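Work through the exercises below with the sequence and the coordinates at hand. Each task is followed by a worked solution.

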Amino acid sequence: MPNQFIKIIIAALLFCFSHSLWANGIESEIRSLEAQLIYEDAVKQVVDGKYDKAVRRLDWIVSAYPETEYMPLATDKREEVAILLHQPKPISNMSRAGLVGFGTFYTTWLGVGTLILLDVEDPSLYGLASIAGPVGGLLGSLSLTRESELSDGQASLVTLGGTWGIWQAVGAASLADADEKLTVGASMVGGALGLALASGIVSGRDIGPGDATLINFGGIWGTWFSICGAMAARDRSSDSSKFVLGSAMMGGNIGLSTMAAWSTRLNMSRARARLINIGGIVGTLYGLGTSILLDIEPEDRSFWLLMGIGGMVGLTAGSYFTRNYDTPESYFTKSGVGMLNLELAEKRWNLSLPAITVSPVGGGNSRIPDIELWTSLVQVRF
């Protein structure tokens, strides 16, 4: 009897030990498959020219999956990508279109503005300038940007520089009570100075699309919040237009310079920056809707305060709810990695177990989920 009892204990110990080894084998296989998926996606990011995303995924493999066979592969690939990351990136068609669009309109305005400065009164000349200006601007911009070495982020900031220069010049002329000619001349000079200054600043700097988007939105939101604050603090018994305009210009410059200093530290993608901006817009609309529901007039201070506070809350909420948007860990929720357990189960037991996978539509470029329900007999997609 004791011998039988000892045999039972030994059998139980062997079962527990083998079960532990089996469980460890399953976990090791899962981690290997995870590392494989991340590595394959990193290679895809390199092919697509998204080197910053590729580096984040490769770093993730090195730090989180050092025991897998993909760790040395990720280390070697990371060195290759690091070289590519610091090389000039070709300008995309979208960014080139932005430069061409600004060049077309600015060239047209230069022609029309020149006629205004020369006191030309013949309407036909203005008509010719309106016809010839866009053609010359379009062809000239296309030619200048054809061999451009600007990256997407650099191109976006050059366009912003020209636009911001016009806005600041016109605002300064208005604050100085300048006449029509001086205002027109200031806008022409301001646009040229803005283009030249922005081109000099971005030259030789690695500016990502997300950084440029943040800087753009920093200037816009700084201007808007300053307008809201100035409208709420203005003296309604006198003309406060200059106070509001001056506040808008100063606030916009503060927002622009602040985001220019912070953007490189945030390392944010263009998609997340736009989502945060949408949150700010929604918050502003909520503030406007609240004012309308409460019958608050635009002359009331609280009307502008509600919109300003709504925009700030919206931006904060957008930042919070997208906090994991750019992290490598979110990759698994985007690529249907939940199928790992199903694949391992089918390998181990040759069974087709029920599973639900969530993956992005359109090859990973969309955030709209494509949900699939798998069973042994039925596959439902919606």
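**Exercise 1.** Locate Met-188 in the secondary structure, classify its accessibility and list what Met-188 touches beyond its sequence neighbours.

Solution. The model is a predicted one.
- Step 1: Met-188 belongs to helix H7, which covers residues 180-202.
- Step 2: The relative accessibility of Met-188 is 12%, so Met-188 counts as buried, the cut-off being under 20%.
- Step 3: With residues up to four places away in sequence left out, Met-188 touches Tyr-106, Trp-109, Leu-110, Gly-113, Thr-114 and Leu-117.
- Step 4: For a C-alpha distance, take Thr-107, which is 81 residues from Met-188 along the chain; the two C-alpha atoms are separated by 9.5 Å.

**Exercise 2.** Describe the packing of helices H6 and H8 by angle, distance, handedness and residue classes.

Solution. Two packed helices are described by the angle between their axes and by the distance between those axes.
- Step 1: H6 spans residues 152-175 and H8 spans residues 209-233; the angle between them is about 20° and their axes are 7 Å apart.
- Step 2: Angles under 35 degrees count as roughly parallel, so H6 is roughly parallel to H8.
- Step 3: The H6 and H8 crossing is left-handed.
- Step 4: On the H6 side the contact consists of Asp-152, Gly-153, Ser-156, Leu-157, Leu-160, Trp-164 and Trp-167; on the H8 side, of Pro-209, Ala-212, Ile-215, Asn-216, Gly-219 and Thr-223.
- Step 5: Sorted by class, this contact of H6 with H8 holds 7 nonpolar, 5 polar and 1 charged residues.

**Exercise 3.** Count the aromatic pairs, then assign a geometry to Tyr-39 with Tyr-70 and to Phe-303 with Trp-304.

Solution. 
- Step 1: With ring centres required to lie within 6.5 Å, the count is 7 aromatic pairs.
- Step 2: The rings of Tyr-39 and Tyr-70 are 5.8 Å apart, centre to centre, with 45° between the planes, and the pair is tilted.
- Step 3: Tyr-39 is in helix H1 (residues 2-47) and Tyr-70 is in helix H3 (residues 70-85), so the pair ties together parts 31 residues apart in sequence. Both Tyr-39 and Tyr-70 are buried.
- Step 4: For Phe-303 and Trp-304 the centre-to-centre distance is 5.6 Å and the planes are 75° apart, an edge-to-face pair.
- Step 5: Phe-303 has 8% relative accessibility and counts as buried; Trp-304, at 14%, counts as buried too.
- Step 6: Trp-224, Phe-303 and Trp-304 are linked into a cluster by ring pairs.

**Exercise 4.** Is Tyr-51 buried or exposed, and how far in space is Tyr-51 from Val-81?

Solution. 
- Step 1: Tyr-51 is in helix H2, residues 51-64.
- Step 2: Its relative accessibility is 17%, so Tyr-51 counts as buried.
- Step 3: Tyr-51 and Val-81, 30 residues apart in sequence, are 6.3 Å apart from C-alpha to C-alpha.

Terms used. Residues are numbered from 1 along each chain as its sequence is written. This is a predicted model: local features need pLDDT of at least 70, side-chain atom pairs count only at pLDDT 80 or more; totals for chains, interfaces and linings use all residues. Side-chain values use heavy atoms; hydrogens and water are left out. Axes are lines fitted to C-alpha atoms, for helices over the stretch in contact, and angles run from 0 to 180 degrees between N-to-C directions. Helices (H or I, at least four residues) and strands (E, at least two) are DSSP runs, numbered from the N terminus. Angles under 35 degrees count as roughly parallel, over 145 as roughly antiparallel, 65 to 115 as roughly perpendicular and the rest as oblique. A crossing is left-handed if the near helix is turned anticlockwise from the far one by less than a right angle, and right-handed if clockwise. Contact means heavy atoms within 4.5 Å. Ala, Val, Leu, Ile, Met, Phe, Trp, Tyr, Cys and Pro count as nonpolar, Asp, Glu, Lys and Arg as charged, and the others, Gly among them, as polar. Rings of Phe, Tyr and Trp (its six-membered ring) pair if their centres lie within 6.5 Å; planes under 30 degrees apart count as stacked, over 60 as edge-to-face and the rest as tilted. Buried means under 20% relative accessible area, exposed over 50%, partly exposed in between (1.4 Å probe, protein chains only).
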